[in-house]
Amino acid sequence: MPATPPIPAPDPPAERLADRDVLRALAAEPLVGLAAGRALLMQLAHPAVARGVAEHSDFADRPLARLFGTLDFLLVTTFGTPDQVGRIAAKVRGIHGAVRGEGYSGNDPGLQLWVNATLIDSALYVHETLMRPRDDDGLPEDYYRQARVVAEVLGCPLDAQPADLAAFRAYMADTLAALEVTDTAREVADAVLRPRRLRVLFPALAVFRLVTAAMLPEPLRAQYGLPWTPGRRRAAALLLGTASAVHRVTPGVLRRPPRPILVRLATHRVNRTLSARRARRRDGRP
């Protein structure tokens, strides 16, 4: 089946890419990275996303590629210049044009909305439960408003996204209530949480599994069949409590890496991943 040309997505107005101060402030916090597994498993809980990943990626051999690819694109869109954002977005839209199958398309604005929604929701979850602001600092509303640009540059129009944080919360609640984790999603999730080729990283992966299970909404945790015993609950509370305490006592200048370095590394990884994917497609591999 020939690939569908990528849906052209107009560059967002310059003022929206200029208005990223809150988006950047939260994205720069290492603590937000703890929710990466949560966001990925929430994405996979959407059957169309799970099918797309299973049928158009070599997740068994490169189980963390989807996770790091999404995070790298998010970093470039958050911290890059408008020029850098435009170039990366055009490349990703081109790859997404070939991702299509029964019931899904990589350029489907609804799926782009869901993928970005899981990233937004996970970042706000960390902000509210681990960073624990002492008062209503207004960050969630501003963060949501600015983070919509990530889906917009991929082709999901701004008017197709929830208009404000309250509408976003309602969208998340309705979507999560309707999701049903499929066998395909469980297979991909297992490859990510227990990658056979990365057994040397067993201690880090054990922590990754524990943190991901702790942060997932309970219905999804149950559907994925992730163990959640009293012992694991206590271990997760200790681990996340320690991370929260370290965050609060560490000055921002010490805990946040320099933004230019983040952009350079992320851009390099995105370009390398996209080149490898094009090569696999030329060879007839997923």
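Which residue lies over the face of Y125?

1. The model under review is predicted. In this model, R38 is placed over the face of Y125, at 4.6 Å from the ring centre.

2. Aromatic pairs. The whole structure contains two aromatic pairs. One of them is formed by W114 and Y171: the ring centres are 6.3 Å apart and the planes stand at 65°, so the pair is edge-to-face. Because W114 belongs to helix 7 (residues 109–131) and Y171 to helix 9 (residues 165–178), the contact ties together parts that are 57 residues apart in sequence. Both W114 and Y171 are buried.

3. Salt bridge R16–E152. The count of salt bridges comes to ten. Among them is the one in which the side chains of R16 and E152 meet, at 2.4 Å from N to O. R16 lies in helix 1 (residues 14–18) and E152 in helix 8 (residues 139–152), so this pair ties together parts that are 136 residues apart in sequence. R16 is partly exposed, with a relative accessible area of 25%, whereas E152 is buried, at 10%.

4. Salt bridge D19–R145. The side chains of D19 and R145 also meet in a salt bridge, at 2.4 Å from N to O. D19 sits in the loop between helix 1 and helix 2, and R145 in helix 8, 126 residues apart. D19 is partly exposed, with a relative accessible area of 27%, and R145 is partly exposed, at 35%.

5. Salt bridge E29–R255. Here the side chains meet at 2.6 Å, N to O. E29 is in the loop between helix 2 and helix 3, and R255 is in helix 14 (residues 252–255), 226 residues apart. E29 is buried, with a relative accessible area of 5%.

Key:
Residues numbered from 1 in each chain as written. Predicted model: local features only at pLDDT ≥ 70, side-chain atom pairs only at ≥ 80, totals over all residues. Heavy atoms only, no water. Phe/Tyr/Trp six-rings, centres within 6.5 Å; stacked < 30°, edge-to-face > 60°. Helix = DSSP H or I, 4+ residues; strand = E, 2+ residues; numbered from the N terminus. Buried < 20%, exposed > 50% of the residue type's maximum accessible area, 1.4 Å probe, protein only. Lys NZ or Arg CZ within 6 Å of the ring centre and 35° of its normal. Salt bridge = Lys/Arg side-chain N within 4 Å of Asp/Glu carboxyl O.
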